[in-house]
Amino acid sequence: MNRFNVLTAVALAALLPACSNDPDPAQYGAEPVLPKPSRGLLPSMTIAKPALWGEQRPTVPPGYTIAPIATDLKIPRQTLVLPNGDILVAEGSGGNAPKLQPKDFIAGYIKAKGKSSVKGGNRLTLLHDADKDGTYEGRTVFAEGLNAPYGLALIGNHLYVANQDSLVRFDYQAGQTRVSGPPVEVTKLPSQINHHWTKALTASPDGRFLYVGIGSNSNITERGMIAEVDRAMVWQVDAETGAHRPYATGLRNPTALTFQPGTGQLWAVVNERDELGPNLVPDYLTSVREGAFYGWPYSYWGQNMDPRVRPQDPQKVASAIRPDYALGSHVAALGLDFSVPAMGAQFSDGVFVGQHGSWNREQPVGYKVVFVPFRGGSPAGEPVEFITGFMGADAKTRGRPVGVTVDPRGALIVADDLSNTIWRVTPTGVPHTAR
Amino acid sequence: MAVTVDATRPRATYPIHLVHAVLLAGTFTLFFSALLNDLAYWSTDHVQWTNFASWLIAGGLVVGGFALVFALVGLRHAVRRSGSSLLYLLLLLVTWIVGLFNAVVHAKDAWAAMPEGLVLSAIAAVLAGMATWLGFSSLRTGDLP
């Protein structure tokens with residue numbers, strides 16, 4: 001019987017992940033260092049334990065103030081600042097991917113420990129600040145009965161909402177606090193399985209087209225190639241007719257889309273694949289080029305072939321282009337918006353990126369909002385931390401940022417789907433700001 | 001039937017316990033089926049085969065785990081511990097450990113499980129076959145558990 005114990009101990013020891021510390025995660029910009037793929041027998045997983053904010057607040061740079069403007073929401077994901085200053089919040093939790101392998105039961109249980117236990121609201125909440133003092137005293141349920149709404153866009157008097165299975169339209173008049181009727185379906189969206197269920201949305205500056213980000217149906221094709229039809233791409237949708245076509249492909253999980261002011265250029269943040277090691281593959285920020293193929297599933301960061309995909313496709317790999325700017329591996333970028341001069345000189349030209357935070361890494365990364373400075377219309381330089389402290393020194397998470405939206409009056413609106421809070425960050429000197 | 005004791009016959013004719021036999025045969029069948037499914041994945045690239053293999057391996061671990069318990073108890077209760085009954089136990093244990101590694105390898109996404117998964121499935125199937133052979137042929141000196 002001793003032999004049994006010894007052998008068991010040996011087997012268990014060998015099952016532990018081989019790597020005990022991840023190398024430096026600084027992996028930013030156009031030319032990130034890409035190590036060789038490595039994965040121990042078990043994938044590295046660190047789930048940060050959630051904790052309550054209490055009196056603590058996220059940390060912002062000197063000269064800025066942060067305040068919660070709405071709490072007790074039901075899984076807020078993305079926000080939209082309406083022309084009159086009202087804020088719409090999309091609340092929901094989607095995905096209906098069946099458990100496919102024994103490991104899905106284990107992984108699902110582990111990942112759920114790092115998330116909020118609140119059930120997704122399937123609704124839009126409207127926040128209203130009548131006296132413009134930075135306190136959003138008005139709060140109404142704007143629309144309900146939606147299906148895991150995520151992306152939001154306004155074109156004129158039409159509010160578009162990307163549910164996890166359809167793109168719908170509501171009529172909207174300035175000052176409205178509740179929808180006037182049921183939504184009109186613009187087009188169905190790919191929703192079979194919905195492994196990556198979030199449907200990011202933005203509208204072209206001229207209002208003719210909507211762009212929908214559709215994530216892949218797997219990490220790396222483990223649900224089969226057929227499940228990936230119409231996935232991992234950005235659709236261009238005619239706002240009038242609902243007619244759609246792939247605009248760019250090979251984008252594993254485009255979680256936020258926005259147009260660069262004054263250029264008509266579409267930008268996205270994309271979450272890349274897991275289980276190739278702690279420093280692969282960097283999530284990225286990129287301008288989305290029409291007709292371009294960005295690699296998934298066959299290759300990553302340009303033409304680095306992923307051996308896990310069968311059958312392989314060398315021709316597709318040869319056509320894959322590199323994204324513009326690496327944000328770091330496993331940071332889980334879920335929010336993106338361009339800044340405005342009213343945000344203050346240091347943060348006026350660039351984008352804010354919300355990083356939900358990692359699971360497939362021993363040392364957690366992400367769990368913050370960064371600012372990527374631009375120069376001449378392109379990313380230039382290292383990202384600057386804008387909001388931190390979502391993960392405390394005690395390694396517990398109090399919040400996880402998702403959508404980030406710039407209020408042109410000079411505020412950054414951040415949805416936090418762990419503490420179910422909307423945060424608002426303002427330059428302290430600017431009038432009409434909270435506290 | 002197996003529990004009918006005929007005092008006129010030597011104890012050596014007792015087979016292993018019926019439940020033990022079912023578990024042992026099941027372990028072999030499940031690990032061998034996993035190998036067949038891995039071969040199908042290897043030759044077709046169709047990912048569903050590796051999903052099947054994952055479940056078959058998980059099943060083999062559960063059934064094989066119970067077979068191990070029977071083997072341990074059987075060894076304890078054996079009147080005379082023969083070399084082959086100890087070898088049987090060890091073979092079954094090694095089969096199970098290889099199966100456990102194989103389950104973890106199969107948890108890798110898509111083709112990442114290959115070719116290690118296929119090799120481990122082959123080793124587990126061969127070991128399970130050998131353990132089953134030994135189990136059925138050499139445990140006739142023991143008492144019923």
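Of the 435 residues in chain A, 49% are buried. The model described here is predicted. Its chain A contains three helices and 27 strands. The radius of gyration of chain A is 21 Å, close to the 22 Å that the globule rule gives for 435 residues, so the chain is as compact as a globular protein of that length.

**Overall dimensions and contacts**

- The C-alpha trace of chain A spans about 75 × 50 × 45 Å along its principal axes.
- Among the contacts in chain A with a separation of 6 or more, 61% are between residues 24 or more positions apart.

- Four strands of chain A form an open sheet in the order 6-7-8-9, and their pairing is antiparallel.
- Strand 6 (151–155) and strand 9 (184–188) of chain A stand at the edges with a single partner strand each, so one side of each has no neighbour in the sheet.
- From one strand to the next, the twist averages 20°.
- Five bridges connect strand 6 of chain A with strand 7 (residues 158–162) of chain A in the antiparallel sense.
- Leu154(A) has Leu159(A), in strand 7 of chain A, as its bridge partner.

**Strand 15 and its partners**

- Strand 15 (residues 265–270) of chain A is largely enclosed by the rest of the structure, because five of its six residues are buried.
- Strand 14 (residues 254–260) of chain A runs antiparallel to strand 15 of chain A, and six bridges join the two.

**The surroundings of Arg252(A)**

- Arg252(A) is located in the loop between strand 13 (244–249) and strand 14 of chain A.
- Arg252(A) counts as buried because it has 27 C-beta neighbours inside 10 Å, where 20 or more are required.
- Although Arg252(A) and Ser216(A) are 36 residues apart along the chain, their C-alpha atoms are separated by 5.4 Å.
- Not counting residues up to four places away in sequence, Arg252(A) touches Gly215(A), Ser216(A), Ala232(A), Val270(A), Asn271(A), Glu272(A), Arg273(A) and Trp296(A).

Conventions:
Residues numbered from 1 in each chain as written. Chains lettered and ligands numbered in written order. Predicted model: local features only at pLDDT ≥ 70, side-chain atom pairs only at ≥ 80, totals over all residues. Pairing = 2+ DSSP bridges. Axes fitted to C-alpha atoms, helices over the stretch in contact; angles between N-to-C directions. Buried ≥ 20, exposed ≤ 12 C-beta atoms within 10 Å, placed from the backbone. Contact = placed C-beta atoms within 7 Å. Rg over C-alpha atoms; globule rule 2.2 N^0.38 Å.
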